[in-house]
There are 10 protein chains.
Amino acid sequence: MPQPELLETFPNPYADRDYEIFMTTPEFTSLCPLGGVESDAAELALLKGGAPDFATINITYVPDAVCLELKSLKLYLWSFRNDGIFYERVVNRILDDLVAAAQPRSMKVVGDFNVRGGLKSIISAEYRKPR
Amino acid sequence: MPQPELLETFPNPYADRDYEIFMTTPEFTSLCPLGGVESDAAELALLKGGAPDFATINITYVPDAVCLELKSLKLYLWSFRNDGIFYERVVNRILDDLVAAAQPRSMKVVGDFNVRGGLKSIISAEYRKPR
Amino acid sequence: MPQPELLETFPNPYADRDYEIFMTTPEFTSLCPLGGVESDAAELALLKGGAPDFATINITYVPDAVCLELKSLKLYLWSFRNDGIFYERVVNRILDDLVAAAQPRSMKVVGDFNVRGGLKSIISAEYRKPR
Amino acid sequence: MPQPELLETFPNPYADRDYEIFMTTPEFTSLCPLGGVESDAAELALLKGGAPDFATINITYVPDAVCLELKSLKLYLWSFRNDGIFYERVVNRILDDLVAAAQPRSMKVVGDFNVRGGLKSIISAEYRKPR
Amino acid sequence: MPQPELLETFPNPYADRDYEIFMTTPEFTSLCPLGGVESDAAELALLKGGAPDFATINITYVPDAVCLELKSLKLYLWSFRNDGIFYERVVNRILDDLVAAAQPRSMKVVGDFNVRGGLKSIISAEYRKPR
Amino acid sequence: MPQPELLETFPNPYADRDYEIFMTTPEFTSLCPLGGVESDAAELALLKGGAPDFATINITYVPDAVCLELKSLKLYLWSFRNDGIFYERVVNRILDDLVAAAQPRSMKVVGDFNVRGGLKSIISAEYRKPR
Amino acid sequence: MPQPELLETFPNPYADRDYEIFMTTPEFTSLCPLGGVESDAAELALLKGGAPDFATINITYVPDAVCLELKSLKLYLWSFRNDGIFYERVVNRILDDLVAAAQPRSMKVVGDFNVRGGLKSIISAEYRKPR
Amino acid sequence: MPQPELLETFPNPYADRDYEIFMTTPEFTSLCPLGGVESDAAELALLKGGAPDFATINITYVPDAVCLELKSLKLYLWSFRNDGIFYERVVNRILDDLVAAAQPRSMKVVGDFNVRGGLKSIISAEYRKPR
Amino acid sequence: MPQPELLETFPNPYADRDYEIFMTTPEFTSLCPLGGVESDAAELALLKGGAPDFATINITYVPDAVCLELKSLKLYLWSFRNDGIFYERVVNRILDDLVAAAQPRSMKVVGDFNVRGGLKSIISAEYRKPR
Amino acid sequence: MPQPELLETFPNPYADRDYEIFMTTPEFTSLCPLGGVESDAAELALLKGGAPDFATINITYVPDAVCLELKSLKLYLWSFRNDGIFYERVVNRILDDLVAAAQPRSMKVVGDFNVRGGLKSIISAEYRKPR
């Protein structure tokens with residue numbers, strides 16, 4: 001299960017200014033709950049879980065009172081490794097967890113998933129703090 | 001004939017938020033009804049159908065109540081394989097079929113067709129749900 | 001001389017929707033009326049005409065009642081092959097001829113000409129149908 | 001079924017010299033006999049055939065008495081479109097058919113197949129005429 | 001633990017000819033036994049295992065009596081997902097397992113691992129059947 | 001410590017016009033105060049300082065009365081070499097120092113930092129002179 | 001000294017339409033008045049002039065009554081070859097000279113200068129004809 | 001008709017040393033004698049000649065007593081513009097004409113022709129002076 | 001001073017096979033003893049040391065009894081950070097130090113240094129164990 | 001006139017080993033003695049010299065007793081700036097001058113000249129010290 005409790009923050013040293021932080025990793029992996037587009041039941045039985053998914057995750061945000069601590073973000077993203085979760089949930093879940101942890105002025109999360117069944121998928125979700 | 005009845009959907013898990021889903025495949029192929037820019041009648045007689053066309057199809061949409069199921073989309077796109085259909089119809093037809101199936105808040109379909117007669121064609125069509 | 005009479009059209013199958021058609025060819029060639037940046041009179045005498053120019057031509061338009069037929073467009077572009085014509089005229093002339101033939105809702109023509117005298121030139125012209 | 005009888009040749013105009021002809025197309029498609037890495041029985045039943053495969057085919061040869069006629073080669077490659085055939089057979093079969101038709105001094109065929117199950121495959125086979 | 005028993009083969013349909021099969025996947029992942037260049041004990045305790053490693057694996061071989069079945073190869077590579085194993089062992093172990101399964105005429109395995117500590121590593125190992 | 005006193009300016013020769021100056025260097029390096037995402041205490045003890053960070057720094061500004069002298073900017077950026085400083089501070093500090101030195105009409109500083117822990121970070125901050 | 005008197009124009013054949021002309025050359029070179037970021041007095045004494053600068057110059061404009069003649073523009077740009085001139089002056093001077101010669105509806109000049117002292121500089125200036 | 005009499009040479013200033021000269025142009029165009037892979041009789045009647053072909057021509061040689069004069073080579077390549085000639089003949093004819101004109105120690109000519117019928121062709125021929 | 005005593009090794013787990021390990025980092029930096037191509041004495045006085053140099057270092061080797069430990073290699077390369085050392089010495093010194101530490105069957109070190117004075121330098125040195 | 005007397009050397013610190021030094025600059029410029037492929041007499045009269053040529057110069061050598069000093073090489077290459085000299089002479093002259101100055105074990109010089117008359121030229125010459 002994703003572990004948002006791993007996320008840590010530190011005080012934003014330039015909180016009086018709107019500035020943007022972008023972070024990206026090509027190393028996100030999770031499992032597909034049902035084996036996904038390309039697997040059948042026999043495969044899943046062998047592996048005792050869903051077929052692996054791979055994605056690049058891009059995160060862009062304008063910090064408010066705190067910034068996301070980079071090492072804790074890495075650990076948080078690792079925590080999806082052995083969970084079964086659909087693409088749409090991955091991206092929206094990361095957005096919700098990071099918004100809860102850092103309360104940013106705005107944030108965008110993009111998940112760029114590897115080809116499955118000849119189709120590539122990119123999911124994008126955004127948050128903007130109500131004024 | 002394109003088979004829109006192959007398309008399946010599942011409930012959008014984050015329907016309270018506008019977010020974007022992009023899907024792309026370089027593996028679209030159909031036939032040209034009249035043989036197209038580069039073929040003559042003799043060729044068509046040999047093959048009992050039109051000359052093959054190849055395209056990359058890009059689909060971008062903001063889901064409303066449901067999302068398009070990826071595997072069913074793959075099968076739907078395969079169903080053009082042995083039909084004779086012009087470029088303009090391919091793109092507008094896919095848009096119409098996907099809008100009918102998923103009732104998205106908005107959708108864009110782009111067909112990027114391979115060079116024929118030294119000319120490359122890219123067709124783009126968009127839909128926006130009336131408010 | 002460019003032969004706009006070669007251009008053919010067919011009824012737009014989705015005329016109730018604004019959608020965009022982009023076509024591009026790297027195979028445009030014409031002659032320079034005066035030999036251009038890089039030739040002198042001796043060369044021209046040898047070749048009985050101007051020095052060759054080469055360009056990629058990009059055409060983007062929103063069709064109205066009719067679409068441009070692809071094969072006829074190819075033949076029309078070939079008809080510049082042995083004419084002497086300046087860059088600015090090439091692009092504006094193609095725009096005028098295509099607008100006259102297809103009466104589109106809007107159109108853009110871009111001519112991206114090869115390096116001459118160390119200088120590369122790109123000319124862009126646009127048309128928008130008066131409402 | 002692949003139709004090698006479509007292949008035509010013409011006399012090599014420079015047969016006294018060893019020279020090399022390379023031809024490549026990104027538009028090869030066939031079907032997978034068993035549905036392949038990514039499909040299950042339900043999909044195949046729907047489509048009444050195997051899942052589509054896509055490849056770029058590269059052909060390099062040194063002609064001897066005859067050259068392969070380009071248009072006939074295009075038609076021959078189209079004839080795989082609705083056949084179920086494994087990757088290894090595609091490449092070796094094309095090599096055998098082209099060698100039989102053109103009797104070249106040497107030939108190499110490379111099939112660069114699209115990603116299936118996260119894996120990309122490239123198969124290469126060569127022929128050298130015995131002296 | 002890597003599961004070589006997942007590997008399956010099928011008879012080489014062109015065993016009388018030396019030809020080459022190349023397969024590549026950017027989706028290899030395993031764990032580092034000691035946390036690797038970039039992790040400390042606290043991280044490992046959290047994740048109950050080593051830090052994830054990511055690699056592209058390239059396999060090139062000349063088949064002898066049998067070919068590697070693609071789907072089984074995919075499952076075999078998945079079986080490294082939750083094992084702790086060093087880079088050098090990953091590449092040599094895959095080579096040993098695939099040689100044992102397919103008895104090829106020759107084989108090369110290359111593991112191209114993602115940056116760790118600012119350093120990228122690529123390991124290559126080869127096998128050649130004794131005559 | 002960063003040495004803003006190294007920065008020099010010269011009178012803007014075209015101060016009556018708004019025009020833009022962009023400068024970029026891939027050669028920025030500083031140290032991470034705590035060793036960063038990828039280092040532990042043992043490493044830091046060895047090096048008597050934090051782990052090195054590397055970045056490309058992009059600066060875009062519209063000069064007002066003065067322009068930044070290029071050589072002095074190079075020396076100023078060198079002055080971060082042996083300081084421990086977090087990514088967010090690097091970018092905001094450079095922006096503050098350059099704004100103080102040149103009083104530009106507007107300025108943007110972007111720091112594109114190398115991968116650490118599989119994550120790449122890009123920080124962007126902007127200044128606009130109050131009217 | 002730059003020689004704006006070299007610039008020639010010809011009547012704009014489509015003056016009733018706003019269209020854009022873009023020209024670019026990677027072959028601009030001038031000298032730095034003081035030797036620049038990377039040279040010292042000894043070098044300059046040897047060469048009896050400043051250190052060479054190199055740039056790509058991009059020019060975009062909407063012609064009004066006249067167009068810039070391409071060959072004369074080439075000669076004008078050559079005339080900077082042995083002059084000492086700073087980056088900011090190069091770009092603004094070219095803009096001023098071309099505006100004076102062609103009186104365009106609008107114009108933008110961009111100078112993209114080679115790396116000096118590890119820093120790359122790009123200067124952009126624009127002109128818009130008052131209505 | 002190709003005009004080899006346009007070719008001029010000048011004495012090789014370093015004839016005592018084997019060194020290599022490579023020249024390439026993306027601006028080669030000729031006509032296809034029979035309209036080629038993509039044209040039919042109606043098109044050809046319209047244009048009073050074959051369909052245009054386009055190629056990049058690469059020439060590599062080791063000069064002996066003379067070098068090829070660059071401007072005359074340009075004119076020679078222009079002389080193919082309105083001739084109908086097959087790909088194989090283009091490359092071998094250029095090789096023969098240049099060898100006759102310059103008597104080089106060795107020479108290679110490569111013609112890289114644009115896509116026709118979805119197929120790209122590259123033809124390579126070589127000459128080596130007998131010792 | 002470079003600190004070869006930081007280098008650690010571990011037993012080669014596949015010592016009975018010749019296989020290749022390639023490692024590369026774009027994060028090498030040292031100082032130039034005399035300020036280098038682009039600096040003068042005034043700059044150096046300010047910085048109390050030479051001007052910074054930046055390079056990508058590539059290391060390829062065939063291990064014998066031991067492999068280089070990746071983390072220790074990172075620390076060793078960091079130890080050049082504040083030393084003044086010429087390009088030629090950097091590459092040959094790294095080769096000597098790594099050969100002394102790992103006694104490989106063969107090794108190649110390549111240093112690809114950033115542009116200085118408009119010139120880029122790449123130095124390559126190799127070692128082969130005497131048999 | 002090229003000034004080989006500007007070239008300086010320093011003792012090779014690793015003369016007991018064959019290792020390779022590669023240097024490249026995109027900033028070489030000279031003049032064409034006769035105005036070259038693209039200029040006529042009127043242009044040359046205006047500029048009181050030939051038309052400018054631009055090239056990237058690549059130098060690869062194995063040093064013997066001495067290495068080429070980088071700053072002096074930069075100055076030497078600048079000394080061609082206002083000389084009229086043909087491509088073939090540029091490359092062979094640089095080779096001769098550098099061999100005379102550094103007496104290397106081997107050396108290769110490549111001049112990659114910008115497009116003139118639609119043709120790009122690359123000249124390569126090599127030297128090998130007699131044993």
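**Ring pairs join Phe28(A), Tyr76(A) and Phe80(A) into a cluster.** Rings of Phe, Tyr and Trp (for Trp, the six-membered ring) are taken as a pair if their centres lie within 6.5 Å; planes under 30 degrees apart make the pair stacked, planes over 60 degrees apart make it edge-to-face, and the rest are tilted. The model is predicted: local features need pLDDT of at least 70 and side-chain atom pairs count only at pLDDT 80 or more, whereas totals for chains, interfaces and linings use all residues. Residues are numbered from 1 along each chain as its sequence is written, chains are lettered from A and ligands numbered from 1 in the order in which they are written, and side-chain values use heavy atoms, with hydrogens and water left out.

**Chain A contains three helices and six strands.** Helices (H or I, at least four residues) and strands (E, at least two residues) are DSSP runs numbered from the N terminus. Along the sequence of chain A, these elements follow the order β-β-α-β-β-α-α-β-β. Chain A has 131 residues, of which 60% are buried; buried means under 20% relative accessible area, exposed means over 50%, and partly exposed lies in between (1.4 Å probe, protein chains only). Of the contacts in chain A between residues at least 6 apart in sequence, 73% connect residues at least 24 apart, a contact being heavy atoms within 4.5 Å.

**Cys32(A) lies in the loop between strand S2 (19–31) and helix H1 (41–47) of chain A.** Is Cys32(A) buried or exposed? Cys32(A) has a relative accessible area of 9% and is therefore buried. Leaving aside residues up to four places away in sequence, Cys32(A) touches Gly50(A), Ala51(A), Asp53(A), Gly84(A) and Ile85(A). Ser121(A) is 89 residues from Cys32(A) along the chain, and the C-alpha atoms of these two residues are 14 Å apart.

**Helix H3 of chain A spans residues 87–102.** This helix of 16 residues reaches 23 Å from its first C-alpha to its last, close to the 22 Å expected at 1.5 Å a residue. The expected span is 1.5 Å times one less than the number of residues. Buried residues of H3(A) include Tyr87(A), Glu88(A), Val90(A), Asn92(A), Asp97(A) and Ala102(A). After H3(A) comes Gln103(A), with a positive phi near 45°.

**Helix H3 of chain G also spans residues 87–102.** With 16 residues, H3(G) extends 23 Å between its first and last C-alpha atoms, close to the expected 22 Å. Among the buried residues of H3(G) are Val91(G), Ile94(G), Leu95(G), Leu98(G) and Val99(G).

**Phe86(B) and Phe10(C) form a stacked ring pair across two chains.** The structure holds 41 aromatic pairs over all chains. In the pair of Phe86(B) and Phe10(C), the ring centres are 6.2 Å apart and the planes meet at 25°, so the rings are stacked. Phe86(B) sits in the loop between helix H2 (70–78) and helix H3 (87–102) of chain B, and Phe10(C) sits in strand S1 (residues 9–11) of chain C. Phe86(B) is partly exposed because its relative accessible area is 36%. Phe10(C), at 24%, is also partly exposed.

**Phe86(I) and Phe10(J) form a stacked aromatic pair.** Their centres are 6.2 Å apart, with 25° between the planes. The pair joins two chains because Phe86(I) lies in the loop between helix H2 (70–78) and helix H3 (87–102) of chain I, while Phe10(J) lies in strand S1 (residues 9–11) of chain J. Phe86(I) is partly exposed at 35% relative accessibility, and Phe10(J) is partly exposed at 24%.

**Helices H2 (residues 70–78) and H3 (residues 87–102) of chain J pack against each other.** Two packed helices are described by the angle between their axes and the distance between the axes. Here the angle is about 145° and the axes are 12 Å apart. Axes are lines fitted to C-alpha atoms, for helices over the stretch in contact, and angles run from 0 to 180 degrees between N-to-C directions. Which residues of H2(J) meet H3(J)? Leu73(J), Tyr76(J) and Leu77(J) in H2(J) meet Arg93(J), Ile94(J), Asp97(J) and Leu98(J) in H3(J). The contact of H2(J) with H3(J) comprises five nonpolar, no polar and two charged residues. Ala, Val, Leu, Ile, Met, Phe, Trp, Tyr, Cys and Pro are classed as nonpolar, Asp, Glu, Lys and Arg as charged, and the others, Gly among them, as polar.
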